[in-house]
Each structure stands twice: as C-alpha cells, then as structure tokens.
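My entries are below, in the order in which I made them.

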Amino acid sequence: MGCSRNCGLLTGAIIGGVLAIFGGALIPLGDYLVDRTIRKDVIENGTIAYENWVVPGSPVYRQFWFYDVQNPEEVMNNGSRPILKQIGPYTYRMRYLPKENITQHPDYTVSYMLPNVARFEPDMSVGSENDTFTCINLAVVAAPSMYQNSFVQILLNTWIKSSKSLMLQTRSVKEILWGYEDPFLKKILYPVERKIGVFYPYNGTSDGLYRVFNGKDDIRKTAIIQSYKNKRYHNYCFISSIDGASFPPFVKKDRILRFFSSDICRSIYGIFDSEQIVKEIPLYRFTVPRAAFASPLETPENKCFCTETVLSKNCTASGALDISACKEGKPVYITLPHFLYASEDVSENIEGLSANKDEHETFLDVEPTTGFTLRFAKKLQINLLVKPVQYFTAIIDDKKAAMFRSKVISSIKLLHLLQVLLIIVGCVMFLAFVISYCICKSNKLSE
C-alpha cells in the first residue's frame with residue numbers, strides 16, 4: 001500500500017519533470033519554428049505575405065480637410081491676414097485594386113505598378129464632392145514661381161487680368177483635388193495643360209514603376225524599395241525604404257522604420273512611440289518625429305528640400321519641406337497639419353490654425369513578428385508658396401535729377417530755342433528778300 005502510494009508520487013514527479021523539460025525545450029524550438037515560418041513569407045506567389053502585398057488586407061482611405069478662407073476680399077485688396085476655417089473630412093477609398101505588371105527578377109527583386117483610383121465615400125464625409133471652398137488659385141499662384149523671366153511675367157499678368165482670375169477662387173472639392181479647366185490657362189497662347197488640380201491627373205493613371213526586394217535572399221530586405229521610376233534612392237534626399245504597407249519581419253523597438261511616399265517624392269521615417277492593441281493584436285506604434293521636418297542644421301538629410309532661401313531663412317527655419325523639384329517646378333511645400341513642429345514665423349500671419357500633436361502626427365501600427373502594418377495614418381498638409389509678380393521699376397533721385405536737368409535738359413532746351421530762333425529769322429529774311437525782289441522787279445518793269 002505504501003509502495004503503491006510512493007510509486008504513484010514518484011511517477012507523477014517524473015512526468016511533471018519531463019513535461020517541464022519538454023516545455024522549456026519548446027521555447028527555443030517554438031521561436032525557431034516561428035522564425036522558419038516567417039522567413040518563408042517572402043514576396044512570392046503562394047505565400048501569405050504575397051497575398052497581403054498584392055492587395056491590402058484592409059481598406060485604405062484618404063481623408064481631406066480644406067481650409068476655407070473667410071475674408072477673401074480683405075486678403076486680396078488690403079493684404080490682411082487670412083482667416084481660415086477647417087472643414088472636413090471628405091473621404092475617398094484608395095488602393096483597392098491589385099498591383100499590376102508584377103514581374104519577378106533574377107536579382108531577388110519584384111517590379112510592379114500601382115493603379116491610381118479614388119472612390120468617394122459619402123457616408124464617411126461631412127458633405128458631397130460638390131461642396132465649395134474659397135482657396136488659393138493653383139494656376140495663378142504657381143505661374144509666377146515657374147516662370148521667373150520678367151517679360152514672361154508681364155505676359156502672364158496680362159493673361160491673368162484678361163481671364164479675370166484672382167489669387168483666391170471658389171471651387172468644389174472635386175475640382176480642387178482631381179482637376180478643372182482653368183480660365184487663365186486657356187488664355188495662354190502657347191501649348192500648356194489647360195487642366196489643373198492638386199492631384200491631377202490621378203484616376204486612370206498608375207504610380208511607378210516600383211522595384212522592391214522580395215526577401216528570398218535576405219528576409220531583412222523584404223519589400224525595401226530598390227528603385228522608383230528606374231531611379232535608385234540612396235542619397236540624402238531619397239533614402240531606400242518601404243511603401244509602408246509592410247516591413248521586414250521581427251521589428252524591434254529600437255529600429256527606425258523608413259517608408260516612401262510618392263505623393264511627396266521622398267522617404268520619411270518613424271521611431272517607436274508606444275505599444276498598442278488593435279482587435280486583440282499587440283502592435284508597435286511608430287510616429288514621425290519633429291526631426292523629420294527640422295531644418296538641415298538639425299537634420300542634415302533634409303538639406304535637399306531647402307532650395308528657397310527666403311521662406312526658410314537660409315535653411316534655418318523648420319517645418320516646411322520644398323518638393324517643387326518633383327512637382328514640375330510648382331511651389332509646393334509639405335508640412336504637418338496646422339504647421340505642427342514648424343517655426344513660428346511660418347504660420348504667424350495666419351488665423352484659424354491650432355496644431356495638436358495627438359491629432360496631427362503621422363503614425364504606423366506594426367505587428368512586430370510579421371512586420372505587417374495593420375493601422376497607418378499619414379497626415380500631411382499641402383501648401384503653395386505665394387510670391388508677388390516681380391516687375392523692375394525705378395525712379396531717379398533728386399540730386400541726379402538736378403544734374404541731369406543742368407547737363408542734358410538745359411542743353412536740349414537751348415538747342416530747341418536756337419532751332420526756333422533760326423527758323424524764325426530765316427523765314428523773316430526769306431520773306432523780306434522775296435518781297436524786296438518782287439518790288440524791285442515790279443518797279444523795273446514799270447519804267
């Protein structure tokens with residue numbers, strides 16, 4: 001009886017010890033199995049990673065807020081500070097079509113095109129696409145910056161006036177975003193695109209060509225962009241990165257996540273901020289820091305976005321990145337909403353702004369094991385730099401005017417007086433001699 005009890009206890013202890021050892025052994029084994037499984041999820045047909053890569057697993061929306069100028073007449077006539085009222089969101093469904101022209105290459109890369117499509121979502125918007133706002137006239141503002149020649153600017157000013165276009169205009173959501181025929185552009189005599197919009201042309205076009213690493217040779221390079229439109233981005237301006245939909249697996253908190261946005265023609269980055277839970281899935285939140293929009297003095301990689309020395313105060317001001325080089329020369333600047341993190345002088349002459357870090361910062365929520373982005377909020381503000389049309393005017397000063405009058409004008413007046421005097425004397429002498437000649441001849445005939 002005692003033996004049976006002791007044997008049972010001993011057996012239980014042995015079984016417990018074996019289970020504990022087995023459980024301990026499963027820790028590295030489990031990590032190995034997870035690692036092996038994840039490393040098989042490269043961008044290749046038949047993998048989970050490929051399915052999520054071709055078409056985003058969750059719907060992608062782009063929401064727009066508009067600044068409506070409340071005092072347009074005062075701004076245009078008196079140069080008053082614009083008073084802005086933010087209205088939105090106006091929501092569009094994006095990126096719901098699969099990638100096109102997917103081609104695997106021998107160098108462990110895959111190329112593709114992203115079809116551009118935007119479908120208005122009225123249930124997620126505050127109004128319709130036909131809602132109107134008073135905002136900057138894109139064509140009138142862009143033209144003087146694109147054409148600096150003084151003669152050309154005189155022509156542009158003539159066409160602007162003849163078309164009755166103004167710096168501020170009232171347009172609908174649909175027109176502002178996706179394009180409209182501008183009356184000023186119609187007046188230009190040489191061939192130019194008559195249509196203009198913030199994202200024109202968009203629907204029916206494609207973004208790319210993208211070429212990314214598929215991860216088959218190195219899982220750490222999965223989805224990293226090798227080139228965009230056949231250009232490699234490894235300099236300060238365009239750093240090799242990812243489109244943001246997914247990152248290489250096994251993301252660590254101390255890692256910097258770089259992602260590329262074709263809207264602003266550059267890579268930007270996020271740093272770890274906090275842990276999040278989305279639908280019971282633990283995620284790492286990465287946010288875009290202030291340094292990403294800092295001056296080149298603070299962030300050297302921003303130096304190629306500083307090409308305009310007046311607004312940037314010789315590249316010492318923060319918060320605004322010049323992307324005109326990839327917008328066909330249009331004076332387009334990118335900031336965070338309400339000029340978050342920007343230097344005070346950038347927004348000091350505008351009323352109606354209220355920057356808020358929690359509301360206006362860009363973030364990505366990434367599942368750390370797979371590297372999939374399960375929530376992404378990219379928040380940017382598009383700005384146009386307004387410059388006055390330049391005309392060269394000058395007026396002589398009083399001292400030089402007096403010298404000019406004494407040296408030039410007086411001589412000219414004297415010459416004119418002499419000319420008149422000679423003409424009068426000559427005419428009098430001519431008439432006198434003619435009359436005298438006629439009298440003499442008449443007297444001679446009478447004799």
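**Basis.** I am working from a predicted model, in which local features need pLDDT of at least 70 and side-chain atom pairs count only at pLDDT 80 or more, while totals for chains, interfaces and linings use all residues. Residues are numbered from 1 along each chain as its sequence is written, and side-chain values use heavy atoms, with hydrogens and water left out.

**Salt bridges.** I took a salt bridge to be a side-chain nitrogen of Lys or Arg within 4 Å of a carboxyl oxygen of Asp or Glu, and I found 11 of them in the structure. For accessibility I used relative accessible area with a 1.4 Å probe and protein chains only: buried is under 20%, exposed is over 50%, and partly exposed is in between.

I looked up R285 and D365, whose side chains form a salt bridge with N and O 2.8 Å apart. R285 lies in strand β14 (residues 281–287) and D365 in strand β17 (residues 363–366), so this pair ties together parts that are 80 residues apart in sequence. Helices (H or I, at least four residues) and strands (E, at least two) are DSSP runs numbered from the N terminus. Both R285 and D365 are buried, and I noted that R375 joins these two in a network of salt bridges.

I then checked K357 and E361, which meet at 3.3 Å from N to O; K357 is partly exposed at 39%, whereas E361 is buried at 7% relative accessibility. In the salt bridge between E121 and R119 the closest N and O atoms are also 3.3 Å apart, with E121 buried at 16% and R119 partly exposed at 38%.

**Enclosed elements.** I recorded that helix α4 (residues 138–146) has eight of its nine residues buried, so the rest of the structure largely encloses this helix. Among the buried residues are L138, V140, V141 and P144. At the start of α4, a side-chain oxygen of N137 comes to within 3.2 Å of the backbone nitrogen of A139.

Strand β7 (residues 168–172) is likewise largely enclosed by the rest of the structure, because four of its five residues are buried. I found strand β6 (residues 132–136) running antiparallel to β7, with five bridges joining them; two strands pair if DSSP finds at least two bridges between them. One of the bridges brings T132 together with S172 in β7.

**Backbone.** I keep in mind that most residues other than glycine have a negative phi, and most peptide bonds are trans. The bond from Y200 to P201 is cis, with omega near -10°, and P201 sits in the loop between β9 (195–196) and β10 (206–213). A cis bond also runs from G208 to L209, with omega near 20°, and L209 belongs to strand β10.

For N101, which is not a glycine, I read a positive phi of about 55°; N101 is in strand β3 (residues 100–105) and is exposed at 57%. K229, not a glycine either, has a positive phi of about 55°, lies in the loop between β11 (225–228) and β12 (257–261), and is partly exposed at 47%.

Methods: Polar contact = N/O pair within 3.5 Å; in protein donor to acceptor, adjacent residues only side chain to side chain.
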